[in-house]
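Please keep the structure open beside them as you read.

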Amino acid sequence: MNVQPPPLHEPSAADAVCIDYMKLFNTLISAIDPSAIGRAADMVRRARDTGGLVYICGNGGSASTATHLANDLAKATKTPGMPPIRALSMSDNNSWLTAL
């Protein structure tokens with residue numbers, strides 16, 4: 001049973017935008033193929049195990065997301081007895097970015 005508390009205020013345009021966003025988000029997240037995520041994880045694992053380098057890129061604001069992911073992969077996944085994941089955010093190095 002989904003019981004909703006009474007609204008604290010009258011619905012506003014911001015509420016409508018938020019509701020529309022959440023509906024769209026749910027639609028998009030439901031469309032993700034879990035096996036595609038598994039394949040991507042396998043590719044990162046293979047790069048780690050073979051000493052490969054994971055290149056990550058982003059455009060605009062997503063460049064900072066790429067930096068964050070590279071940091072998470074390289075630092076936050078360290079496990080004793082396992083090689084580290086080598087990851088590079090292309091947006092962190094202008095020379096790399098513009099030489100492609």
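1. Start at S89. This residue touches I56, A63, A66, T67 and A70, leaving aside residues up to four places away in sequence. S89 sits in strand β2, which spans residues 86-89. Is S89 buried or exposed? S89 counts as buried, because its relative accessibility is 2% and the cut-off for buried is under 20%.

2. S89 also has a polar partner. Its side chain is joined to the side chain of S91 by a polar contact of 3.0 Å. Look at this pair together with the contacts to I56, A63, A66, T67 and A70.

3. A word on confidence. This is a predicted model. The protein chain has an average pLDDT of 91. A score of at least 70 is reached by 97% of the residues. Which element has the highest mean pLDDT, and which the lowest? Helix α2 (residues 34-50) is the highest, at 96. Helix α4 (residues 94-99) is the lowest, at 78.

4. Now the charged pairs. How many salt bridges does a search of the whole structure find? The search finds two. In general, side chains of opposite charge can pair when their charged atoms come close.

5. D42 is partly exposed, because its relative accessibility is 37%. R45 is partly exposed too, with a relative accessible area of 40%. Both values fall between the 20% and 50% cut-offs.

6. The other salt bridge is between the side chains of D49 and R48, at 2.8 Å from N to O. Are these two residues buried, exposed or partly exposed? R48 is buried, because its relative accessible area is 18%, and under 20% counts as buried. D49 has a relative accessible area of 47% and is therefore partly exposed.

7. Next, the surface. Which residues form the nonpolar patch? They are I19, Y21, M22, F25, I29, I32 and I37. Together they have about 700 Å² of accessible area. Helix α1 (residues 13-30) gives the most to this patch, with five residues.

8. I29 lies in helix α1. Its relative accessible area is 44%, so I29 is partly exposed. A patch residue needs over 30% relative accessible area, and I29, at 44%, has it.

9. D72 is partly exposed, because its relative accessible area is 30%. How far is D72 from N26? Their C-alpha atoms are separated by 25 Å, and the two residues are 46 residues apart along the chain.

10. Finish at A99, in helix α4. A99 counts as exposed, because its relative accessibility is 62% and the cut-off for exposed is over 50%. From C-alpha to C-alpha, A99 and A31 are 35 Å apart in space. In sequence they are 68 residues apart. Keep in mind that helix α4 has the lowest mean pLDDT among the elements of the chain, 78.

Definitions and conventions: Residues numbered from 1 in each chain as written. Predicted model: local features only at pLDDT ≥ 70, side-chain atom pairs only at ≥ 80, totals over all residues. Heavy atoms only, no water. Patch = residues over 30% accessible without salt bridge, like charges linked within 9 Å, V, L, I, M, F, W, Y side chains within 5 Å. Areas by Shrake-Rupley, 256 points an atom, 1.4 Å probe, with all protein chains shown as cover. Salt bridge = Lys/Arg side-chain N within 4 Å of Asp/Glu carboxyl O. Helix = DSSP H or I, 4+ residues; strand = E, 2+ residues; numbered from the N terminus. Buried < 20%, exposed > 50% of the residue type's maximum accessible area, 1.4 Å probe, protein only. pLDDT = per-residue confidence, 0-100. Polar contact = N/O pair within 3.5 Å; in protein donor to acceptor, adjacent residues only side chain to side chain. Contact = heavy atoms within 4.5 Å.
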